[in-house]
Amino acid sequence: GNAKAWNNRGNVFSELGKNTEALNDYNKAIELAPDEKDYKQNRDALLKQMNEPKQDAKKQNLSFMEEQLLPQAYGLFKSGDYKKALEIFQQLQKIAGDEGNIKAQLSDLNNAGLCYMKLNDLKKAGQIFSKMILDHPDYVNAYSNLSLIYKKQGNIRLAKDFIKKAIEFDPSNVKYQDELKSLESKEN
């Protein structure tokens, strides 16, 4: 029957990230001492925290190593040092895989494929993007990148097929729409 004890235990649960237990304890404290404002403030703060939107897709939980290596890899890619960028993206892919971070792993694998494209190893890049589609058929970048590979190889029909598939997943992407128009003009 001690409202303060219920509130304090709610604080502990909240700190541990056990939000349901914390909420139950705050509610019990409020039930026992309905006029205590601190208990209501604690509950309301927890409810607000629970209702805040989660991190967006761009903000991934990155390990310390990923935070250090990712900017370096992008910098190398932008400067045209694709071999070194590739090595780092492959290392990042392994780190993300070991940590079970599938989003980061796919992103790093996609970037490795782009490095192979820049190094004109279209076969290796194509293998990467094809495997990505087999393993993760909703990963839209793999379709658009395969389209680019087929375009480079002069296979406009397959390039169109893959960009159309990318458009199915992301119909509002203007870049994909423009690419399809460009491919259709090359076909005629």
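This is a predicted model: local features need pLDDT of at least 70, side-chain atom pairs count only at pLDDT 80 or more; totals for chains, interfaces and linings use all residues.
Is F169 buried, exposed or partly exposed? F169 counts as partly exposed, at 37% relative accessibility.

**α8 against α9**

- Helix α8 covers residues 140-152 and helix α9 covers residues 156-169; their axes come within 8 Å and cross at roughly 160 degrees.
- Angles over 145 degrees count as roughly antiparallel, and α8 and α9 are therefore roughly antiparallel to each other.
- The crossing of these two helices, α8 and α9, is left-handed.
- On the α8 side, the contact is made by V140, Y143, S144, L146, S147, Y150 and K151.
- Facing them from α9 are L158, A159, F162, I163, K165, A166 and F169.
- Sorted by class, the residues in this α8 and α9 contact come out as ten nonpolar, two polar and two charged.

**α7 against α8**

- Helix α7 (residues 122-135) has its axis within 9 Å of the α8 axis, and the two cross at roughly 150 degrees.
- That angle makes α7 roughly antiparallel to α8.
- Here too the handedness is defined: α7 passes α8 in a left-handed crossing.
- From α7, the residues making the contact are L122, A125, G126, F129, S130, M132 and I133.
- From α8, A142, Y143, N145, L146, I149 and K152 take part.
- This contact of α7 with α8 has nine nonpolar, three polar and one charged residues.

**α6 against α8**

- α6 and α8 pack at an angle of about 10 degrees, and their axes are 11 Å apart.
- That makes α6 roughly parallel to α8.
- N110, L114 and M117 of α6 make the contact with N141, A142, N145, L148, I149 and K152 of α8.
- The α6 and α8 contact splits into five nonpolar residues, three polar and one charged.

**Aromatic rings**

- The structure holds five aromatic pairs.
- In one of them, F77 and Y82 have ring centres 5.2 Å apart and planes at 70 degrees, so the pair is edge-to-face.
- Y143 and F169 make a stacked pair, with 5.4 Å from centre to centre and 25 degrees between the planes.
- Y143 sits in helix α8 and F169 in helix α9, so this pair ties together parts that are 26 residues apart in sequence.
- Y143 counts as buried at 5% relative accessibility, whereas F169 is partly exposed at 37%.

- E66 lies in helix α4, which runs over residues 64-79.
- With a relative accessible area of 2%, E66 is buried.
- E66 and Q91 are 25 residues apart along the chain, and their C-alpha atoms are separated by 9.2 Å.
- D108 belongs to helix α6 (residues 102-118).
- D108 is also buried, with a relative accessible area of 4%.
- If you set aside neighbours within four places in sequence, D108 is in contact with L70, F89, L92, Q93 and A96.

How values were computed: Residues are numbered from 1 along each chain as its sequence is written. Side-chain values use heavy atoms; hydrogens and water are left out. Axes are lines fitted to C-alpha atoms, for helices over the stretch in contact, and angles run from 0 to 180 degrees between N-to-C directions. Helices (H or I, at least four residues) and strands (E, at least two) are DSSP runs, numbered from the N terminus. Angles under 35 degrees count as roughly parallel, over 145 as roughly antiparallel, 65 to 115 as roughly perpendicular and the rest as oblique. A crossing is left-handed if the near helix is turned anticlockwise from the far one by less than a right angle, and right-handed if clockwise. Contact means heavy atoms within 4.5 Å. Ala, Val, Leu, Ile, Met, Phe, Trp, Tyr, Cys and Pro count as nonpolar, Asp, Glu, Lys and Arg as charged, and the others, Gly among them, as polar. Buried means under 20% relative accessible area, exposed over 50%, partly exposed in between (1.4 Å probe, protein chains only). Rings of Phe, Tyr and Trp (its six-membered ring) pair if their centres lie within 6.5 Å; planes under 30 degrees apart count as stacked, over 60 as edge-to-face and the rest as tilted.
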